[in-house]
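Welcome! Please open the model in your viewer and keep the selection panel at hand. We will walk from one stop to the next.

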Amino acid sequence: MLHKEILASAGLSAAELYSGTLDNSAITICSPIDGAELAVLKPTNPSAMPVTMELAQTAFEQWRTVPAPRRGELVRLLGEELRAAKADLGALVTLEAGKIRSEGLGEVQEMIDICDFAVGLSRQLYGLTIASERPGHRMMESWHPMGPCAVISAFNFPVAVWAWNAALALVCGNPVIWKPSEKTPLTAMATMKIVERALARFGDAPAGLLQLVIGGADIGDALVSSKKIAIVSATGSTRMGSLVGPKVAARFGRSILELGGNNAMIVAPSADLDMAVRAIVFSAVGTAGQRCTTLRRLFVHESIHDILVEKIRKAYASLPIGNPLDAGTLIGPLIDQPALQHMQNALEQARQQGGGVFGGEVVTTGVPDGAYVKPALVLMPAQREVVKHETFAPILYVMKYTTLDEAIHLQNDVPQGLSSCIFTLNLREAEQFLSAAGSDCGIANVNIGPSGAEIGGAFGGEKETGGGRESGSDAWRAYMRRQTNTINYSSQLPLAQGVKFDF
Ligand code: UN1
């Protein structure tokens with residue numbers, strides 16, 4: 001399929017794709033597959049941001065009064081439209097972000113799944129009833145819409161992360177303003193076409209309920225700094241989060257941060273090694289190592305180290321690298337040349353720090369201008385400095401361990417805390433890993449890799465990962481404000497704590 005056909009099937013017209021040709025602030029979008037120019041976009045003018053946020057505020061005042069199950073109806077329609085558009089949007093994810101076909105489709109499936117989840121949730125925004133200490137009194141908590149929610153998303157999940165946030169924010173009664181990565185605005189524009197179809201079928205949603213802004217840090221900053229934006233949900237690097245978090249906090253806004261990960265797997269002596277290898281390969285090289293949940297550190301028991309490394313090397317040698325649009329490809333390109341440079345720099349540091357590097361070479365696929373690379377396996381003598389940094393590329397550091405306590409300590413001894421897992425058939429080891437003294441990550445798995453989480457569980461992690469939770473479980477609470485209510489149905493006015501105040 002040609003690039004042009006993919007863009008057209010996703011509903012993007014030539015006029016939209018070339019809106020920025022006369023603008024010197026234009027953003028040029030190139031496909032990571034071959035460097036082909038896909039679009040020249042006019043970014044949102046920063047001076048238009050106050051109007052955008054004002055519109056979201058006005059939309060909020062109406063949307064918050066719409067019953068939550070009716071709000072859920074909009075999300076149900078969005079899920080239906082996404083089902084119909086799955087193939088087209090999935091192909092565009094491949095074209096713009098470089099994911100292989102199946103992962104492009106999987107990303108859209110993740111959007112559909114969170115819509116289904118949110119539709120059910122729209123009838124389950126439960127609060128507690130609480131026993132009052134006073135006679136004739138009743139207490140409860142109510143959950144109310146919070147206000148406009150800004151979603152700042154990254155290139156690697158260019159549409160799913162917006163959907164995690166938007167589906168919940170919508171049923172919770174909040175408008176959404178989306179700033180996608182400057183590297184992947186086309187998938188966002190195509191998603192907005194799908195949104196428009198859902199809105200048209202819904203009928204009476206307020207204008208400005210779902211808006212898209214395109215641009216760089218200045219546009220993001222307008223959202224982050226404005227008191228009109230109640231919630232800022234930001235996914236990306238720890239560096240970005242360290243700028244966003246304090247700014248939102250300084251104005252007492254709420255932020256949901258989903259930042260860097262440095263995800264690990266412990267492989268214990270009893271592990272099913274063939275299963276472990278499958279999990280390792282998918283989670284270390286899938287999405288060309290560009291998931292925030294990508295497996296980056298492998299701690300292998302010394303008794304099985306050599307045999308496991310051999311199996312991984314064999315599997316790595318068989319991986320088809322190339323054009324992600326081609327059926328059969330398992331590793332597509334990195335997002336751009338700077339990403340490839342970061343990878344090469346990290347490998348050089350790893351060598352200097354005693355690592356034995358296998359793979360990692362640039363691959364010439366016959367596709368011009370793509371950043372294709374062999375996944376790298378790096379045997380480290382210890383968890384040296386380079387291993388503690390997240391390099392957004394397919395580098396897997398492998399280290400030996402002797403005791404499980406030591407492995408868990410090493411796993412936790414990094415600044416990030418997103419995802420983790422253990423392969424073991426030993427119940428004691430599995431439970432220790434999941435216990436309070438085990439993994440310190442937001443996600444901890446047994447006999448399954450660290451990436452590819454389902455939407456049903458809350459997603460996010462601790463430490464430099466930012467502490468936010470998105471997607472399933474009760475992550476919805478972060479999109480609402482909790483109100484505690486005390487109702488007195490007696491004819492007396494007793495004070496709490498037995499205080500007397502008679503006059
Ligand atoms: C991300 O990489 O930003 O668990 C999100 C996973 C996906 C989401 C990753 N469901 O790998």
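Which residue is the bridge partner of V267 in β11? Select V267 and look across to β11: the partner is V300.

Before going on, a word about what you are looking at. This is a predicted model, in which local features need pLDDT of at least 70 and side-chain atom pairs count only at pLDDT 80 or more, while totals for chains, interfaces and linings use all residues. Residues are numbered from 1 along each chain as its sequence is written.

**The whole protein**

Zoom out and colour by secondary structure. You will find 14 helices and 21 strands; these are DSSP runs numbered from the N terminus, with helices being H or I of at least four residues and strands E of at least two. The radius of gyration is 24 Å, close to the 23 Å that the globule rule gives for 503 residues, so the protein is as compact as a globular protein of that length. That radius is taken over C-alpha atoms, and the rule is 2.2 Å times the number of residues to the power 0.38. The C-alpha trace spans about 80 × 60 × 35 Å along its principal axes.

Of the 503 residues, 52% count as buried (20 or more other C-beta atoms within 10 Å of the residue's own; exposed means 12 or fewer, partly exposed in between, with C-beta atoms placed from the backbone).

**The seven-stranded sheet**

Now select the strands in the order β12-β13-β14-β11-β10-β16-β17, which form an open sheet with mixed pairing. Two strands pair if DSSP finds at least two bridges between them. At the edges are β12 (356–359) and β17 (443–446), each pairing on one side only. Inside the sheet, β10 (residues 263–267) and β11 (residues 295–301) run parallel and share five bridges.

Next, show helix α11 (residues 305–317), which packs on the sheet and touches β10, β11, β12, β13 (376–379) and β14 (395–401). Its direction makes about 160° with that of β13. Contact means C-beta atoms, placed from the backbone, within 7 Å. Axes are lines fitted to C-alpha atoms, for helices over the stretch in contact, and angles run from 0 to 180 degrees between N-to-C directions.

**The five-stranded sheet**

Move on to β7-β6-β5-β8-β9, an open sheet with parallel pairing. Its edges are β7 (210–212) and β9 (254–258); each has a single partner strand, so one side of each is left without a neighbour in the sheet. From one strand to the next, the twist averages 15°. Select β5 (residues 149–152) and β8 (residues 231–235) to see a parallel pair with four bridges, where I152 stands opposite A234.

Then pick helix α8 (residues 217–225), whose buried residues are I219, G220, A222, L223 and V224. Their cover includes α3 (49–63), β5, β6 (176–179), β8 and α9.

**A helix residue and the ligand**

Is R239 buried or exposed? Select this residue in helix α9 (residues 238–250): R239 is exposed, with 11 other C-beta atoms within 10 Å.

Last stop: select E110, N156, F157, V161, T235, R291, C292, T293, S451, G452 and A453, the residues around the ligand (C-beta atom, placed from the backbone, within 6 Å of it). This shell has four nonpolar, five polar and two charged residues; Ala, Val, Leu, Ile, Met, Phe, Trp, Tyr, Cys and Pro count as nonpolar, Asp, Glu, Lys and Arg as charged, and the others, Gly among them, as polar.

Note on methods: Contact = placed C-beta atoms within 7 Å.
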